[in-house]
Amino acid sequence: MLHDPARHEPLLAIAWDEARVRATIARIVEATVAAFSPETLWPVHPRDQNPDDDPDAPATCLYFGAAGVVWALDYLDAVGAAPSPSLASHLDAIRERNRAWLAAEPGDNAGSYLMGELPFEMMAWGQSPSAQRADAIASLIEANIDHPSRELMWGAPGSLLAAALMHRRSGDERWAALFRRVAQRLREQLSWSERQSCHYWSQDLYGRQVRYLDAVHGFVATARALIMGRHLLPADDWAEWQRCIETTIAHTAIREDGRATWPVSADEPPGTPQKWLMQFCHGAPGFVVCLADLPGRVLDPLLVEAGEATWAAGPLAKGGNLCHGTAGNAYAFMVLHARTGDTRWRERARAFAMHAIAQFEDETARTGRLRHSLWTGDIGLAIFLWDCLRERAEFPTLDVFFG
């Protein structure tokens with residue numbers, strides 16, 4: 001079995017209901033705006049806290065804090081999903097709080113894409129482009145090139161993605177040059193597995209040496225950034241990267257009865273106990289999403305098997321969120337619908353969408369509150385539901401940043 005059944009729950013048989021989907025998006029947006037306070041921002045959900053965290057201290061970063069919620073509200077408004085007043089005028093104050101939080105963390109993390117200063121500068125530049133703001137973004141990317149984590153959340157792969165997004169928005173050659181520079185450094189840092197005959201990165205993450213493969217901290221998240229900016233690389237360089245990506249993905253996959261997933265880490269010794277996670281940040285769904293735009297069809301059979309594994313596992317018991325929940329897994333179905341044209345993947349995405357709505361309704365009824373977070377909470381679910389309505393798989397802040 002490629003997943004842990006205890007982490008999943010049976011799929012509810014709820015018919016696709018566009019009106020209910022739209023009403024849920026509107027409800028989430030309205031409740032999110034109403035819950036905001038300039039002084040306390042949004043209350044932190046218990047699931048987004050560690051045991052030693054101050055329960056009254058608001059989260060501020062893009063990933064699971066106030067910056068991500070502000071980004072999501074503006075994004076949903078910009079794409080026509082749900083109108084709302086912009087709270088972007090509060091970003092400077094949120095940023096100051098995020099700086100104080102970062103200062104208490106070990107290392108220099110200002111250039112972090114999901115946790116640091118970088119997304120604040122990108123949001124500010126998106127609202128009011130200027131040479132000064134562009135210089136600040138470039139400086140943060142440059143300073144993060146040798147960050148030891150070598151993954152999307154904290155390290156250079158997040159900087160690589162930021163450079164690709166900035167180039168896509170502006171067309172400025174400076175972002176292409178930065179993209180090539182970061183990609184070259186990442187290529188120099190690749191490790192080789194004799195056992196698996198493929199490359200991977202070793203990461204220094206939270207005081208541990210790890211070799212993650214996943215869609216946040218691992219190999220395939222970096223592959224996502226490389227794929228987005230592949231046109232910025234010399235043709236020979238991209239061909240080499242594509243061979244590297246295809247080889248590592250194929251050689252590390254675990255396949256069983258027409259289904260496939262990936263272990264948490266690369267190059268683990270045979271017999272090492274595995275933690276069987278089937279969610280966006282670890283497991284098959286994130287691989288499908290990160291490889292959505294990979295040119296060619298070499299990996300398509302494997303991606304379809306990954307989709308089958310995601311479907312067989314069923315919705316996640318942790319709720320309807322993106323990173324660890326039902327909505328994040330359903331993005332894989334939307335990718336496969338776009339990549340294969342097979343309508344069964346659209347129907348599976350819709351089935352998970354309705355289940356995620358039921359999870360949201362049940363949790364808010366039990367707790368009397370929303371979970372205010374982009375990657376781990378309800379506003380992320382609202383973006384997924386909108387993408388499900390328009391049949392487009394654009395994972396927020398991974399595939400798209402500027403609305």
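Helix α11 covers residues 300-313, and its 14 residues should span 20 Å at 1.5 Å a residue; the end C-alpha atoms lie 20 Å apart, which agrees. The expected span is 1.5 Å times one less than the number of residues, and helices (H or I, at least four residues) and strands (E, at least two) are DSSP runs numbered from the N terminus. The model is a predicted one, in which local features need pLDDT of at least 70 and side-chain atom pairs count only at pLDDT 80 or more, while totals for chains, interfaces and linings use all residues. Residues are numbered from 1 along each chain as its sequence is written, and side-chain values use heavy atoms, with hydrogens and water left out.

The helix α11 is largely enclosed by the rest of the structure, because 10 of its 14 residues are buried (under 20% relative accessible area; exposed is over 50% and partly exposed in between, with a 1.4 Å probe and protein chains only). Among the buried residues are Asp300, Glu305 and Glu308, together with Leu302 and Leu303. Their cover includes the helices α9 (235-252), α10 (284-290), α12 (326-340) and α13 (343-367), as well as the strands β5 (254-256) and β6 (259-261). After α11 comes glycine 314, with a positive phi near 85°.

The loop between α11 and α12 holds cysteine 323 and also histidine 324. UniProt, in an unreviewed entry, places the feature "binding site" at Cys281, Cys323 and His324; its positions are given in the numbering used here, feature names are shortened, and annotations may be inferred rather than shown by experiment. These residues are spread over 44 residues of sequence, yet they cluster in space, with a largest C-alpha distance of 6.7 Å.

Cysteine 323 is buried, with a relative accessible area of 1%. Beyond its neighbours within four places in sequence, cysteine 323 is in contact (heavy atoms within 4.5 Å) with Tyr63, Val216, Gln279, Phe280, Cys281, Trp375 and Thr376. With the same exclusion, the contacts of histidine 324 include Tyr63, Gln279, Cys281 and Thr376, along with Leu316 and Lys318.

A search of the whole structure finds 0 disulfides, a disulfide being a pair of cysteine sulfur atoms within 2.5 Å. Cysteine 323 is in no disulfide, and the nearest cysteine sulfur, that of cysteine 281, is 3.8 Å away.
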